[in-house]
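Welcome, and thanks for taking a look at this one. Below is a short briefing, grouped by topic, to read alongside the model.

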Amino acid sequence: MMKLFSPGKRAWFWQKGQALRDQFAFMGKRGKGLSYAATVMFGCCTDPLNHLHFFEVLGLPDTFNSWHKITELHVWMCIVRINKEGYPGKFMRNKIVRAFWKDVDERSLRLGTAAAMNRKKGMGVLGDQFRAALFGYDEGLLLDDKVLAGAIWRHFFAMNCDDPRKIELLVYYVRKQIENLEMQDRHQIMHQGIVRWLPLSQIRD
């Protein structure tokens, strides 16, 4: 009997079918639960952080852009953690990124008339920077501290940092926070969206 598809093609169809089944499974109650958890997780990337301490220690101006860089870094670290959870993690990742951009959009509206006129162009630039930052941070995390330091210098400090100790501090901060997230309770992360950060002051000490 002649087979219609090769083993490779059958495997491709099975994977696509599994992806569709996963998507339908997350359209109901489970998807709502993960959406809620993602919203809480994004809140954990903004509200508990002592932004003024970040500004002071890292020599950052108290601006929207500095807030964006700090939030972006913590959103990425959450993505690193939940990406290990298969499709539920990918579902949450997309929801967190959406929450991030919704918050960025709302904050940009409060910057004033002049800023609002350039808002659309600025959002496009931030989007490009976000994608580049995720790629750079991922590469640094997978390779070594030298590569991670380069990514932090380019994306977090925008190539404007004359104190290597600040870059070194953030490299150490990222490594410790990734380790910290790995040790946290999976149920709290995936079902409640709760993540707890080590204070920058504690990392510094």
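His51, Phe54 and Phe55 of H3 meet Ser66, Trp67, Ile70, Thr71 and His74 of H4, where contact means heavy atoms within 4.5 Å. By class, the residues of this H3 and H4 contact are four nonpolar, four polar and no charged; Ala, Val, Leu, Ile, Met, Phe, Trp, Tyr, Cys and Pro count as nonpolar, Asp, Glu, Lys and Arg as charged, and the others, Gly among them, as polar.

This is a predicted model, in which local features need pLDDT of at least 70 and side-chain atom pairs count only at pLDDT 80 or more, while totals for chains, interfaces and linings use all residues. Residues are numbered from 1 along each chain as its sequence is written, and side-chain values use heavy atoms, with hydrogens and water left out.

**Overall make-up**

- The protein chain has 11 helices and zero strands; helices (H or I, at least four residues) and strands (E, at least two) are DSSP runs, numbered from the N terminus.
- Read from the N terminus, the order of elements is α-α-α-α-α-α-α-α-α-α-α.
- Of the 205 residues in the protein chain, 41% count as buried, with buried meaning under 20% relative accessible area, exposed over 50%, and partly exposed in between (1.4 Å probe, protein chains only).
- Taking contacts in the protein chain between residues at least 6 apart in sequence, 65% join residues at least 24 apart.

- The axes of H3 (residues 51-58) and H4 (residues 64-82) come within 11 Å and cross at roughly 105°; axes are lines fitted to C-alpha atoms, for helices over the stretch in contact, and angles run from 0 to 180 degrees between N-to-C directions.
- H3 and H4 are therefore roughly perpendicular to each other, given that angles under 35 degrees count as roughly parallel, over 145 as roughly antiparallel, 65 to 115 as roughly perpendicular and the rest as oblique.
- For H4 and H5 (residues 86-109), the axes come within 10 Å and cross at roughly 170°, which makes H4 roughly antiparallel to H5.
- On the H4 side, the contact with H5 includes Phe64, Trp67, His68, Thr71 and Glu72, while the H5 side includes Gly89, Met92, Arg93, Ile96 and Val97.
- The residues of the H4 and H5 contact divide into 11 nonpolar, four polar and four charged.

**The largest pocket**

- Rolling a probe the size of a water molecule over the atoms shows where empty space is left.
- The largest pocket has a volume of about 200 Å³; grid points are joined across faces, edges and corners, and a volume is the space filled by probe spheres set on the points.
- A pocket is found on a 1 Å grid over the protein atoms alone, as an open set of points where a 1.4 Å probe fits, with protein on both sides within 12 Å along at least five of seven lines; lining residues have an atom within 4 Å of a point.
- Leu60, Pro61, Phe156, Phe157 and Asn160 are the closest to the centre of the largest pocket, out of 15 lining residues.
- H4 gives the most to this lining, with three residues.
- The lining of the largest pocket comprises seven nonpolar, five polar and three charged residues.

**Around Arg196**

- Arg196 lies in the loop between H10 and H11 (200-204) and is partly exposed, at 47% relative accessible area.
- Leaving aside neighbours within four places in sequence, Arg196 is in contact with Asn180, Gln184 and Gln188.
- Asn180, in H9 (residues 164-183), is buried at 15% relative accessible area and touches Arg196, Trp197 and Leu198, not counting residues up to four places away in sequence.
- Gln184 sits in the loop between H9 and H10 (186-192) and is also buried, with 15% relative accessibility.
- Arg196 and Cys45 are 151 residues apart in sequence and 9.3 Å apart in space, C-alpha to C-alpha.

**Two positive phi values**

- Most residues other than glycine have a negative phi.
- Ala158, in the loop between H8 (145-156) and H9, has a positive phi near 55° and is partly exposed, with a relative accessible area of 47%.
- Met159 lies in the loop between H8 and H9, with a positive phi of about 60°, and counts as exposed at 53% relative accessibility.
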